[in-house]
Amino acid sequence: MTYQEKKSIVSLISAILIFVSYCLYMYPRFPGGGLESIEAFRYWGSFVLFLTLFSIVAHIIITIIFNIVFRLTTKEKEPTFADELDRLIELKAHRNSFFVFLIGFLIAMGSLVILQPSHMMFIILITSGFFSDVIGSVTKLYHYRRGV
């Protein structure tokens, strides 16, 4: 397996573990009051904000650990350049990821139009963000394995 394939697998697994662990941590903290209360909106706002921060920090730490382990196990450095194939795969992964998030965003806004509770919009936005991250990693892995 190449460095890029291993990095895509680590990114996929870490995205899943970060999201699941954060959701399990935050789920018991959901306010018991009405679903449209100020506490519920504060909960969802902090959920999204801290998930973003937690995810960024965790991805950085996992990437550093992955590079250290890769260097120790293979005795070679990670690639310092990206050729046209790497850039093309990165662009395709970003395109697919943005497409998934855009569809999720439109569905979330549509849930408000059809008079669903506001917490449904937050749940759809959060899950579409998660799935966009997963789809980006899967796209990279697929194209590094199968070609463009």
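Q: Which residues lie nearest the centre of the largest pocket?
A: In this predicted model, K7, S11, E90, S137 and K140 lie nearest its centre, among 28 lining residues. A pocket here is an open set of points on a 1 Å grid over the protein atoms alone, where a 1.4 Å probe fits, with protein on both sides within 12 Å along at least five of seven lines; lining residues have an atom within 4 Å of a point.

Q: Which elements give two or more residues to that lining?
A: They are α1 (3-26), α2 (38-74), α3 and α4. Helices are DSSP runs (H or I, at least four residues), numbered from the N terminus.

Q: How does the lining of the largest pocket divide by class?
A: It has 11 nonpolar, 12 polar and five charged residues. Ala, Val, Leu, Ile, Met, Phe, Trp, Tyr, Cys and Pro count as nonpolar, Asp, Glu, Lys and Arg as charged, and the others, Gly among them, as polar.

Q: And the second largest pocket, what lines it?
A: Of its 16 lining residues, L51, T52, S55, G129 and F130 are the closest to its centre. α1, α2 and α4 each give two or more residues, and α2 gives the most, with seven. The lining has 11 nonpolar residues, four polar and one charged.

Q: Changing topic: how do α3 and α4 pack?
A: α3 (residues 84-113) and α4 (residues 118-146) pack at about 165°, with axes 8 Å apart; axes are lines fitted to C-alpha atoms over the stretch in contact, and angles run from 0 to 180 degrees between N-to-C directions. The two helices are therefore roughly antiparallel (angles over 145 degrees).

Q: Which classes make up that contact?
A: The contact of α3 with α4 has 16 nonpolar, 11 polar and five charged residues.

Q: What conventions apply?
A: Residues are numbered from 1 along each chain as its sequence is written, and side-chain values use heavy atoms, leaving out hydrogens and water. Local features need pLDDT of at least 70 and side-chain atom pairs count only at pLDDT 80 or more, while totals for chains, interfaces and linings use all residues.

Key: Angles under 35 degrees count as roughly parallel, over 145 as roughly antiparallel, 65 to 115 as roughly perpendicular and the rest as oblique.
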